[in-house]
Amino acid sequence: MVEVWERFSYYGIRPLLVLFMSLSIFEGGFNMSTQQASSVVGVFAGMIYIFTIPGGYLADNFLGQKRAVLLGSLFIALGHLCIALSYYIKPMFFAGLCFIVIGSGLFKTCISVMVGMLYAKNDIRRDSAFTIFYSGINIGAFFAPLLVGIVLDNYGYHLGFAVGGVAMLIALIIFYFVSMKHYDEFIKYKKLDNFDSCKISNKTICFYMFLTIVIVFIFIALVHFKIINFSIVSLSVNLVSIILLFSTLYFLYLFFFKKLNKDEKKNLILFVILFFAAALFWSIFEQMATTLNLFADKLVDKKIFSYEIPTLFFQSLNPLYIIVFAPLISLLWIKLNKHNLNISSLSKFALGLIGAAIGFYIMYLATSSIVENNAKVSYWYLVISILFLALGELCLSPVGLSIMSKIAPKSIKSQVMGLWFVASSLGNVIAGYIGGKVDTNNVSQLPNLFLYCVYALLFVAFILFVIKRFVKESE
């Protein structure tokens, strides 16, 4: 339930960001260009993944898992409060985004670790527990845009943002009064390994939390008063370069300076290929919050008889598809395996890319129709496009984790798994950059943009099918 409400808070505000920042000052927004607004969303989502690295380090070495989740929840709730209060003080909006990034870095990895610690190492219920936990993510992601969309249409953006803050407070209350109260008792009663220990005092934690808040506010103030020149578009481009440089150097370090045998080096090369393939997939998939969101807002006929579908409702389609099709896809893999028609993990990965390519080809058809007929298109284009993107996610995301667990060299397994999530960060930042190229007032550019995405996805899928025969044994 903590995860349901935390994800509700995140997926409730994420689709609002690009729409809100694009509004004129008169309408309460920031009058940002599409490029600037999309870059903010991309950097925001990308930094959430990057901050899990220092967040996990702090949890392991200083805070412990429980206090890291509690502290992360407080920061996320504070972030939502700041965004809601930006109605009165504009710079609070960006301070709020910073606090959500910091909080998510602490929360995201630790809440998953806590679930795993509830079970003994060989407990067969562990996978089922994580399935329940993962369903919480999609339940929160499904209901958030629906409720926030209704509030947005009736009461405006700032109350829409406030809904996410209320959700995070619910998560915080459940965690503090239920989870923390019984967690240690349960671990002790079941005689399970408990690696959760806080090595610093609560007083020290409060001091560093206060210091972090002060530093964020000072930084936002310096940017607001132009004492520091800061371009979010430049940051978006530079962040892509920094992540690529860091990843490349780290791969080279692992390859040449870690004592890996021939097969392990071969697997590491495969990992590099899959890393960039996954980054490409997420750079397309995560455009649901930017490109497809703007498309739904401006270029889609959303009317069903006299009722107009709120733009945010379309953001609920992907988690709905995941909830419906995840068990069916799992059953399909099992049935195929029983009939000796098993599809290799690498082929499933490639099918994920093809699913995303079909989804964006449908968007190509939609935008071509707009250019040709100079009229909005049916919402069914989005409904079907997001369906194929969701099917692509089901083929790629869980399978990607499975492949990593198989091919990662034992001596660096944790490092490789950590790097795997960096691909999601890279994809989110690129998605924001691509979304910045979308101009709903100049629709003629959109068909080519979507078609280039299709070509890139199909090209990488083809490469994966080609190399599949050479890595079959390793896989």
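A: Start with what counts as a helix. Here a helix is a DSSP run of H or I with at least four residues, and helices are numbered from the N terminus. Keep in mind that this is a predicted model.

Q: Which helix holds S247?

A: S247 sits in helix α9. Helix α9 covers residues 232-257.

Q: Is S247 buried or exposed?

A: Look at the relative accessible area. Buried means under 20%, and exposed means over 50%. S247 has 0%, so S247 is buried.

Q: What does S247 touch beyond its neighbours within four places in sequence?

A: S247 is in contact with F275 and V422.

Q: Now I would like to look at one helix in detail. How do I judge the span of α3?

A: Compare the span with that of a straight helix. Helix α3 runs over residues 52-63. A straight helix of twelve residues would span 16 Å, at 1.5 Å a residue. The end C-alpha atoms of α3 are only 14 Å apart.

Q: Which residues of α3 are buried?

A: They are T52, G55, G56, A59 and L63.

Q: Why do the buried residues of α3 line one face of the helix?

A: First the general idea. An α-helix has 3.6 residues a turn, so residues three or four places apart point the same way. Now the case here. Seen down the axis of α3, the buried residues fall within an arc of 115 degrees, so they line one face.

Q: What is on the face of α3 turned away from the buried side?

A: That face carries Y57 and D60, which are exposed.

Q: What covers the buried residues of α3?

A: The cover includes α2 (34-50), α4 (65-85), α5 (92-117) and α8 (202-224).

Q: What happens just after α3?

A: Check the backbone angle phi there. G64 takes a positive phi of about 80 degrees.

Q: Which other residues have a positive phi, though they are not glycine?

A: Two cases are N31 and N374. Phi of N31 is near 55 degrees. N31 lies in the loop between α1 (2-22) and α2. Phi of N374 is also near 55 degrees. N374 belongs to the loop between α13 (345-373) and β4 (377-378). At 72% relative accessibility, N374 counts as exposed.

Q: Where is Q65, and what does its side chain meet?

A: Q65 is in helix α4. Its relative accessibility is 5%, so Q65 counts as buried. The Q65 side chain makes a polar contact with the side chain of D60, at 3.3 Å.

Q: Where do I102, L81 and K190 lie?

A: I102 is in helix α5. I102 is buried, at 18% relative accessible area. Leaving aside neighbours within four places in sequence, I102 is in contact with F51, F75, T212 and V216. L81 is in helix α4, and L81 is partly exposed at 47%. K190 is in the loop between α7 (157-189) and α8. K190 is partly exposed too, at 44%.

Q: What is the volume of the second largest pocket, and which residues are closest to its centre?

A: Its volume is about 1000 Å³. The second largest pocket is lined by 29 residues, and the closest to its centre are F94, I220, V223, F230 and I232. The elements that give two or more residues to this lining are α2, α5, α8 and α9.

Note on methods:
Residues numbered from 1 in each chain as written. Predicted model: local features only at pLDDT ≥ 70, side-chain atom pairs only at ≥ 80, totals over all residues. Heavy atoms only, no water. Expected span 1.5 Å × (residues − 1). Buried < 20%, exposed > 50% of the residue type's maximum accessible area, 1.4 Å probe, protein only. Arc of directions from axis to C-beta. Contact = heavy atoms within 4.5 Å. Polar contact = N/O pair within 3.5 Å; in protein donor to acceptor, adjacent residues only side chain to side chain. 1 Å grid on protein atoms, 1.4 Å probe; cavity = no way out; pocket = protein on both sides within 12 Å on 5 of 7 lines; lining within 4 Å. Points joined across faces, edges and corners; volume = space filled by probe spheres on them.
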